Amino acid sequence: MSSNNPFDNYDIEHLSASSINTYIQDPCMFILRYLFKHKSPSNPAMWRGTVVDEGIGEALTTNKTTKKIIKNAISRFDGLYEYTAKEHKVDTNKLAKERDLVPRYLDTAIPYYQEMGEPVSYQKEIRLQIDEVPVDILGYIDLQYEGLVRDIKTVSRLPSAIPDAVNRQLSIYAVAENCDAMVDYVYVTSKKAEMISMQVENIDEHIKTVKKVAYAIMNLLSYSDDKNQIASLFYPNYDSWLWGKDEIELAKTIWR
């Protein structure tokens, strides 16, 4: 039975920066992930980001040495690989590269954050309500200090400016907490390692976009309680980097 809340029809309990950005980047991928419930496999770059983030959290909330934190991070990385490899093929070259760089990421980031002192919170859950949208936008703040939220991004290529997708993510956090926002890039290559922090600007403008997209998603879901009918409004671009082998195989059973 259909609901007056279009999100209920698709068991979508909340939006997020990720779902909003996916809708902007590729509506078909949004449909695949959130209506057909396809979960893309994780990869070595994602595991690197996860374990470095967790390692920074350990450094700021425990008395563990950097050496111990790095050991834990490598063990966690290996666990994520083993879990994924049970069902999906993993690029072993990327695996080795990302694993080898984990200590450099942590050696670079931990002293930077330790100089700031203990944060007000780590991985705090936030919810942002938008008028007339029946679900919240859910997010988790990496680090919160007085009047400031900070998000940790581990990268091997440094952007010249904060991408709009990241600006939207941090603007959600900033508005939810009524504070400013910074992006901290932990930039590491085989030859270089440094921390680059960038201030999020024009938060109000980014939130306007977030609201427009939330309304657009709600209107799309209101079109029909049949996911195949909604899918028929679009067609995938399989050349996009977002589409891996698993996604394409599933998509071809939907868009026939």
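**Helix packing briefing**

At 1.5 Å a residue, the 20 residues of α4 should span 28 Å, and the 28 Å between its end C-alpha atoms agrees with that; the expected span is 1.5 Å times one less than the number of residues. Helices here are DSSP runs (H or I, at least four residues), numbered from the N terminus. This is a predicted model, in which local features need pLDDT of at least 70 and side-chain atom pairs count only at pLDDT 80 or more, while totals for chains, interfaces and linings use all residues. Residues are numbered from 1 along each chain as its sequence is written, and side-chain values use heavy atoms, leaving out hydrogens and water.

- Ile69, Ile70, Ala73, Ile74, Phe77, Leu80 and Thr84 are the buried residues of α4, where buried means under 20% relative accessible area, exposed over 50% and partly exposed in between (1.4 Å probe, protein chains only).
- Looking down the axis of α4, these buried residues fall within an arc of 140°, so they line one face of the helix; the arc is taken from the directions from the helix axis to the C-beta atoms.
- Turn to the other side of α4 and you will find Lys67, Lys71, Ser75, Glu82 and Tyr83 exposed.
- The buried residues of α4 pack against α3 (44-61) and α5 (92-114), with contact meaning heavy atoms within 4.5 Å.

**A closer look at Ala73**

- Ala73 sits in helix α4 (residues 66-85) and counts as buried because its relative accessibility is 4%.
- Leaving aside residues up to four places away in sequence, Ala73 touches Val51, Val102 and Leu106.
- From Ala73 to Ala161 there are 88 residues in sequence and 29 Å in space, C-alpha to C-alpha.

**Where α1 meets α7**

- Helix α1 (residues 17-25) packs with helix α7 (residues 203-223) at an angle of about 75°, their axes 10 Å apart. That makes α1 roughly perpendicular to α7, a label for angles of 65 to 115 degrees (under 35 is roughly parallel, over 145 roughly antiparallel and the rest oblique).
- Axes are lines fitted to C-alpha atoms, for helices over the stretch in contact, and angles run from 0 to 180 degrees between N-to-C directions.
- On the α1 side, Ser19, Ile20, Tyr23 and Ile24 meet Thr209, Val210, Val213, Ala216, Ile217 and Leu220 of α7.

**Helix α2**

- Cys28, Met29, Phe30, Ile31, Leu32 and Leu35 are buried in helix α2 (residues 27-35).
- The cover over those buried α2 residues includes α1, α7, α8 (227-231) and α9 (245-254).
- Just after α2, Lys37 has a positive phi of about 60°.

How values were computed:
Helix = DSSP H or I, 4+ residues; strand = E, 2+ residues; numbered from the N terminus.
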